[in-house]
Amino acid sequence: MGRAPQRDLTTGPIGRTLLLFALPTLGSSILQSLNGSINAIWIGQFLGERALAATTNANIIMFLLIAAVFGFGMAATILIGQNMGRRDVDAMRRVLGTSLGLFTVLSIATVVVGLFAAPAILRVLATPAEVYPLALAYLRVIFVAMVPGFLTVLLTMALRGTGDSITPLKFMALGSVVDVALNPLLIRGFGPIPALGIEGSALATLIANGVSLVALLVFIYARDLPIRLRGAEWRYIVPDRALLRTIVIKGVPMGLQMLVVSTSALAMIGLVNRHGTATTAAYGAANQLWTYVQMPAMAVGAAVSAMAAQNIGAGAWDRVGRITRVGILTNLALTGGLVAILTVLDRHILWLFLGQDSAAVGIATRINLIAGWSFVLFGVSMVLSATVRANGAVIGPLVILAAAMFPLRLGMAAGLEPSWGSDAIWWSFPAGSMGSMLLMIGYYRHGGWRRGRLPAAPPEGAEKAMADCEPAAKPMPVG
């Protein structure tokens with residue numbers, strides 16, 4: 001695979017560096033979505049609607065767990081990025097060790113929940129009786145699969161914090177290929193492989209996650225990457241209280257942002273369902289397109305976060321402002337261009353989901369026309385949020401997101417629905433995105449987030465730990 005492309009994000013041309021960092025992250029997101037879509041096709045085609053409904057119920061639970069882990073992983077990534085900007089490899093490994101200890105505990109807790117609490121969770125979700133046995137069988141295996149999944153997520157996010165977005169893409173691709181290839185074999189059976197049904201799909205994910213994690217670890221140690229631990233550094237896995245407290249305090253609000261978005265989406269679906277099956281189908285098809293429309297903004301946001309964190313750690317505040325401006329312009333170009341293409345071709349793309357003769361196609365086209373461009377504004381908010389979070393400011397973006405999702409978006413949709421009909425729902429998207437963008441601009445310019453500081457490393461015993469730790473193979477962590 002060649003040398004791992006660790007990048008020093010504190011020097012060089014900002015625009016080129018940001019784009020080269022963002023594109024592999026975008027590729028990872030696309031692969032992940034395609035992986036889920038293809039597996040859903042396998043399950044739907046081979047096992048039918050009940051099995052597909054079972055995985056939908058299980059996915060709700062998985063999303064809640066991923067939301068919590070995502071927040072902690074983002075907090076660790078920011079700390080890693082800042083320490084890399086300071087050229088403090090030991091402090092970075094301390095953060096990684098504490099994060100690994102935390103994720104190990106979370107993984108064990110996940111297995112326990114999967115084995116003992118899965119039936120109760122499914123009952124709380126009011127899972128239909130005919131779906132319940134399939135959902136339970138799937139969920140118990142998938143909980144185990146999330147253990148290597150969690151650890152892989154942490155390692156890939158840590159790599160991005162060090163400036164490497166290529167390696168996560170490679171091993172995301174490896175896991176996706178294994179998962180997609182094994183799904184039909186384990187669901188239907190082949191030769192000596194027995195037909196395992198829906199459990200086979202979950203087992204395929206477990207195997208794919210395990211293969212991806214082991215291969216990633218082999219690569220990290222073979223290339224002596226900065227995030228490897230050796231010798232006395234393994235004691236860093238015992239969580240340091242100060243770092244653990246920082247990761248939890250900063251990680252919980254970032255995880256809550258995902259919960260805010262999902263809760264708002266559930267409430268929005270409730271409003272959409274009032275307008276009939278065709279409108280619901282149209283909204284579902286539009287959401288399929290929006291999944292991909294949001295990806296450039298999320299990739300650019302991840303790149304801005306990593307770059308800003310390293311430059312904040314290096315004290316290069318002039319570059320932080322330039323990174324933010326370039327990130328906004330890059331988002332406008334990528335997301336704006338994608339929205340323009342989908343606006344021209346949306347009817348043809350929507351036919352893939354709804355068929356050419358469906359009455360929902362016209363509704364979905366109108367939804368895209370009114371709401372689709374709002375994701376350009378959403379991208380501006382993502383970039384600004386990524387910058388302020390890179391300095392540990394996580395409460396402001398959470399409050400702004402909650403205000404945009406609930407009082408602005410849902411408030412407008414519910415309040416104007418009696419007079420505007422379903423158009424009130426579609427217009428609430430640009431209204432919420434505009435409100436979020438304006439609030440984030442105000443917070444970015446006047447919110448005082450620059451005054452915050454995250455700890456570089458635990459103050460106690462730092463000299464001894466620095467003496468005991470094994471240095472990287474090079475003075476600079478370039479792989």
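Residues are numbered from 1 along each chain as its sequence is written, and side-chain values rest on heavy atoms, with hydrogens and water left out. Because the model is predicted, local features need pLDDT of at least 70 and side-chain atom pairs count only at pLDDT 80 or more, whereas totals for chains, interfaces and linings use all residues.

Helix 3 (residues 89-124) and helix 4 (residues 132-161) have axes that come within 9 Å and cross at roughly 170°; helices here are DSSP runs of H or I with at least four residues, numbered from the N terminus, and axes are lines fitted to C-alpha atoms over the stretch in contact, with angles from 0 to 180 degrees between N-to-C directions. Helix 3 is therefore roughly antiparallel to helix 4, a term for angles over 145 degrees. The residues of this contact comprise 22 nonpolar, four polar and two charged, where Ala, Val, Leu, Ile, Met, Phe, Trp, Tyr, Cys and Pro count as nonpolar, Asp, Glu, Lys and Arg as charged, and the others, Gly among them, as polar.

| Residue | Relative accessible area |
|---|---|
| Threonine 55 | 6% |
| Threonine 205 | 15% |

Threonine 55 belongs to helix 2 (residues 49-85) and, leaving aside neighbours within four places in sequence, is in contact (heavy atoms within 4.5 Å) with Ile43, Tyr138 and Ile198. From threonine 55 to methionine 437 the separation is 382 residues in sequence and 35 Å in space, C-alpha to C-alpha. Threonine 205, in helix 6 (residues 198-222), touches Ile142, Ala145 and Asp179, not counting residues up to four places away in sequence.

Notes:
Helix = DSSP H or I, 4+ residues; strand = E, 2+ residues; numbered from the N terminus. Parallel < 35°, antiparallel > 145°, perpendicular 65-115°, else oblique. Buried < 20%, exposed > 50% of the residue type's maximum accessible area, 1.4 Å probe, protein only.
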